[in-house]
Amino acid sequence: MSSPDIEIKIHEFSTGIHFQERANGWVSLGFTGQYMNATINPIPTVVERSIANQEFALTEGSSTEKLAIIGRVVGSGDDIWSVMAVVTRGQDEVGRSAAFYRYFLCKGINNLRFILTWWEQNQKPTFNPLNFKGSPHLFMGESGQPHRTKEDESLPFEQDQAIVLPAENQRDLYTLNALAIIKFNKSKKVLPVAWAFNVEALEKPERFQVIQPASPRAYDGLKRAIASAAQVVSAINVDEAALKSAIRSLMNSSTIKPEAVQEIVKGLENEEIESDYWESLFNAQGADKAIKQKIYSPQMVRLITLRAMVIPETLPEFLEWLNIQAGKKPDENQTVSLDFQKAIRALFPKEQIAEGIRYLLLNLLNKKISVDSLCWLLATNGSGSVWAYVQKEFITDVKYDLQLICNYFAGQSNKRGLVEGSFKCQKQVWAGLMNNWGGIQQGYYKGEEYEPFAELFEKFRQYDLAAYFYQVSDRVVKKDLFHEVANQQGRRRSSIVFGLPLQREVTLVDIVLDFITQEYIVPIQFVVPISIILFLLGFLVSDLKNNLTGKKEGIPSVHSSSRGSKETRVTPTKSKTTTSPSINDENKLNAVNNFDTTKRSIKQIVNEISKTTINGRKPEKNEIQFALLKVLYKTVTQRDLSIINLDLDADEIKNPTKERWVTLIDLYQKRENLSDTPGIINDDDSGTTNTYYKFKEDIINEIKNPS
């Protein structure tokens with residue numbers, strides 16, 4: 001009930017047209033783009049924006065001879081208006097029909113019922129350019145009352161979607177308004193009070209509380225339209241028309257209008273707007289078709305570039321669409337994109353741009369984008385890229401995540417330290433690294449999927465990160481890169497990055513030089529070629545020296561020591577060949593003939609250790625084999641692991657391989673002072689078990705505390 005003492009001031013305005021008066025009324029000569037017959041100036045902005053966003057609009061061509069009426073509350077705070085639109089079908093000068101709107105409005109949140117009462121008491125005025133008095137209407141009295149039925153009481157008011165009433169049971173306008181208010185109060189009050197009466201189709205049906213369709217066909221169409229509309233669209237208060245206008249302005253002109261960018265930024269600041277809604281706005285301008293059909297007009301390039309800035313998760317798709325290729329200058333499309341980025345970057349929030357970077361590493365890992373495209377995006381060489389501003393932040397984020405992983409596996413943080421929200425990049429990026437950390441750290445596991453990361457950071461001259469990911473992906477670091485990182489750390493022959501020991505790539509020449517300087521214990525497979533090289537080098541040097549000095553064999557020669565003092569060295573006429581202590585021929589033949597016993601014992605050791613809990617977990621086979629090899633060699637690289645994998649697992653092992661194993665085992669026995677049969681590992685009860693158990697114990701210790 002309303003109080004008769006309250007006076008309501010009702011304003012009005014209408015669709016602006018050029019018109020011609022005729023004997024039977026009027027005809028339209030075209031729309032003016034302005035409103036006409038207004039009793040209020042200016043028209044409230046919130047009302048204008050609601051109309052611009054099609055919240056009162058019938059779908060084009062859906063108006064009928066009967067009046068359609070739409071009631072809606074717009075605005076917020078102290079700027080709230082109750083607005084009712086009466087939609088009339090009219091004609092132009094050649095007989096074509098169109099929908100014309102006459103709006104009635106008054107300030108306040110719950111005044112639609114007063115507008116309805118005044119409208120009915122004043123012969124229900126409709127759109128008519130000839131019917132205008134120029135002053136607001138005053139209403140004082142009681143409003144009409146709704147007539148709710150039991151059926152109305154059982155409507156699904158709690159649902160988020162609009163209620164579409166059956167066409168056969170028409171409600172009056174007061175009841176329709178009352179039902180919309182009930183639904184507003186019961187459905188989280190997300191949408192303002194809004195109802196539509198006698199409509200065939202609406203442009204925004206999802207933005208209503210209650211709809212009374214004009215026919216059964218309209219009922220079915222409205223239900224389908226609401227079901228297919230994204231719920232995110234219905235749940236926001238946004239100036240969609242302004243956003244669409246801003247997008248069109250930015251895509252259609254090479255000159256950036258600051259006010260258009262400001263409108264986009266304002267939309268980004270609206271927390272209610274989610275990516276699905278933005279996606280719908282860009283698709284309305286053809287973004288989805290441009291991606292699928294590879295349309296590269298300047299307008300589409302600017303549109304897709306803006307889309308990547310506004311919707312961070314589309315950034316990888318943007319890079320793929322632009323088709324950046326290594327070694328090629330930017331093509332025309334890429335140049336258009338860079339020019340657009342350069343023009344807009346000072347006006348766009350940096351934090352929004354940074355948000356897109358977190359999606360890049362996962363896509364690089366999955367090979368959905370290339371290293372070259374990512375370098376193009378983040379290049380800081382003056383290309384104009386808006387994302388170049390956040391290259392440092394990107395690198396900092398990666399280092400933060402790697403340190404987080406390092407701290408966790410070093411026992412400096414608990415499992416809570418590795419939850420999704422702790423990482424700067426997506427946690428999935430580091431899944432392979434964390435799941436195989438033990439194998440990666442000890443050098444027997446290759447995370448080959450991380451090689452693009454190494455290439456990327458090497459291009460950015462982030463040598464510590466490049467070395468880290470080469471170690472992860474290749475198990476060795478290129479020599480120059482290794483020394484670069486080692487020098488940065490003030491080291492010479494070792495380096496650790498984020499808890500990961502780096503292994504320098506070693507060539508045969510490196511091994512020869514290290515062997516000469518006695519800084520490297522040579523793996524057995526290199527002994528023969530190194531010996532040949534040293535023999536040839538010794539022969540050549542000796543021959544050259546003799547030619548230069550003219551001295552004959554057996555004559556003492558004098559050399560300067562490294563300290564400058566003179567040292568006399570006598571070269572004998574005949575030198576006796578000396579060899580390192582080694583297994584004799586008889587024992588070697590025996591060990592080779594019994595190699596099946598050794599092979600069985602080694603495989604049994606591997607199997608037993610694989611079932612043993614070490615450092616809180618059971619080691620993997622490759623990890624055990626690698627530790628086994630380190631026990632034999634003491635100094636070993638990852639490539640030596642192939643001896644185990646390729647030889648011990650083979651059905652038939654050739655004698656040269658057997659002899660190599662026998663020699664290694666014999667050297668191990670001598671080094672550990674084991675008195676078992678030379679070159680054989682046996683697990684039986686005949687007394688030759690020392691090697692078996694000592695070997696197993698040493699392997700376990702190597703896994704516990706890798707050297």
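Trainee: Where in the chain is Pro 42 placed?

Mentor: Pro 42 belongs to the loop that runs between strand 2 and helix 1 (45-52). Please bear in mind throughout that this is a predicted model.

Trainee: What kind of peptide bond joins Asn 41 and Pro 42?

Mentor: The angle to read is omega. For the bond joining Asn 41 and Pro 42, omega is about 0°, and the bond is cis.

Trainee: How many helices and strands does the protein chain have, and what share of the residues is buried?

Mentor: The protein chain has 30 helices and 13 strands. Of its 707 residues, 48% are buried. The chain exposes about 36400 Å², and carbon and sulfur atoms supply 48% of that area.

Trainee: What confidence does the predictor give to the protein chain?

Mentor: The value to consult is the pLDDT, the predictor's confidence in each residue. The protein chain averages 82, and 80% of the residues score at least 70. Over residues 515-521, however, the pLDDT stays under 50, and the model has 14 contacts beyond four places in sequence for that stretch. Residues 636-642 also have a pLDDT below 50, with 25 contacts in the model beyond near neighbours in sequence.

Trainee: How should I read a pair of aromatic rings?

Mentor: Two quantities describe such a pair: the distance of the centres and the angle of the planes. The structure holds 26 aromatic pairs. One of them is formed by Trp 26 and Phe 127, with 5.3 Å centre to centre and 65° between the planes, an edge-to-face arrangement. This pair links distant parts of the chain, 101 residues apart: Trp 26 lies in strand 2 (residues 25-36), whereas Phe 127 lies in the loop between helix 2 (112-121) and strand 6 (137-140). Trp 26 and Phe 127 are both buried.

Trainee: Why does the pair of Tyr 296 and Trp 321 count as stacked?

Mentor: The planes of Tyr 296 and Trp 321 are at 25° and the ring centres are 4.5 Å apart, so the pair is stacked. Planes under 30 degrees apart count as stacked. Here too distant parts of the chain are linked, 25 residues apart: Tyr 296 is in the loop between helix 10 (287-293) and helix 11 (298-310), and Trp 321 is in helix 12 (residues 315-322). Trp 321 is buried, with a relative accessible area of 2%, while Tyr 296, at 27% relative accessibility, counts as partly exposed.

Trainee: Which charged residues lie over rings?

Mentor: Two cases may be examined. The charged end of Arg 72 sits over the ring of Phe 208, 4.6 Å from the centre of that ring. Lys 424 lies over the face of Tyr 400, at 5.1 Å from the ring centre.

Trainee: Which residues form the aromatic cluster?

Mentor: One aromatic cluster is formed by Phe 394, Trp 430, Tyr 450, Phe 453, Phe 457, Tyr 468, Phe 469 and Phe 498. Ala 354 lies in helix 14 (residues 350-357) and, at 16% relative accessibility, counts as buried. Leaving aside residues up to four places away in sequence, Ala 354 touches Val 390 and Glu 393.

Trainee: Is helix 21 largely enclosed or largely open, and why?

Mentor: Count the buried residues. Ten of the twelve residues of helix 21 are buried, so the helix is largely enclosed by the rest of the structure. Among them are Tyr 468 and Phe 469, which also belong to the aromatic cluster. Helix 21 (residues 463-474) reaches 15 Å from its first C-alpha to its last, close to the 16 Å expected at 1.5 Å a residue. Just after helix 21, Arg 475 takes a positive phi of about 70°.

Trainee: Which residues have a positive phi although they are not glycines?

Mentor: Gln 54 is one of these, with a phi of about 65°. Gln 54 lies in the loop between helix 1 and strand 3 (68-76) and, at 29% relative accessibility, counts as partly exposed. Asn 673 likewise has a positive phi, of about 55°. Its place is in the loop between helix 29 (655-671) and helix 30 (690-704), and at 70% relative accessibility Asn 673 counts as exposed.

Definitions and conventions: Residues are numbered from 1 along each chain as its sequence is written. This is a predicted model: local features need pLDDT of at least 70, side-chain atom pairs count only at pLDDT 80 or more; totals for chains, interfaces and linings use all residues. Side-chain values use heavy atoms; hydrogens and water are left out. Helices (H or I, at least four residues) and strands (E, at least two) are DSSP runs, numbered from the N terminus. Buried means under 20% relative accessible area, exposed over 50%, partly exposed in between (1.4 Å probe, protein chains only). Accessible areas come from the Shrake-Rupley method with a 1.4 Å probe; for residues, only the protein chains shown count as cover. The expected span of a helix is 1.5 Å times one less than its number of residues. pLDDT is the predictor's confidence in each residue, from 0 to 100. Contact means heavy atoms within 4.5 Å. Rings of Phe, Tyr and Trp (its six-membered ring) pair if their centres lie within 6.5 Å; planes under 30 degrees apart count as stacked, over 60 as edge-to-face and the rest as tilted. A charge sits over a ring if NZ of Lys or CZ of Arg is within 6 Å of the ring centre and within 35 degrees of the ring normal.
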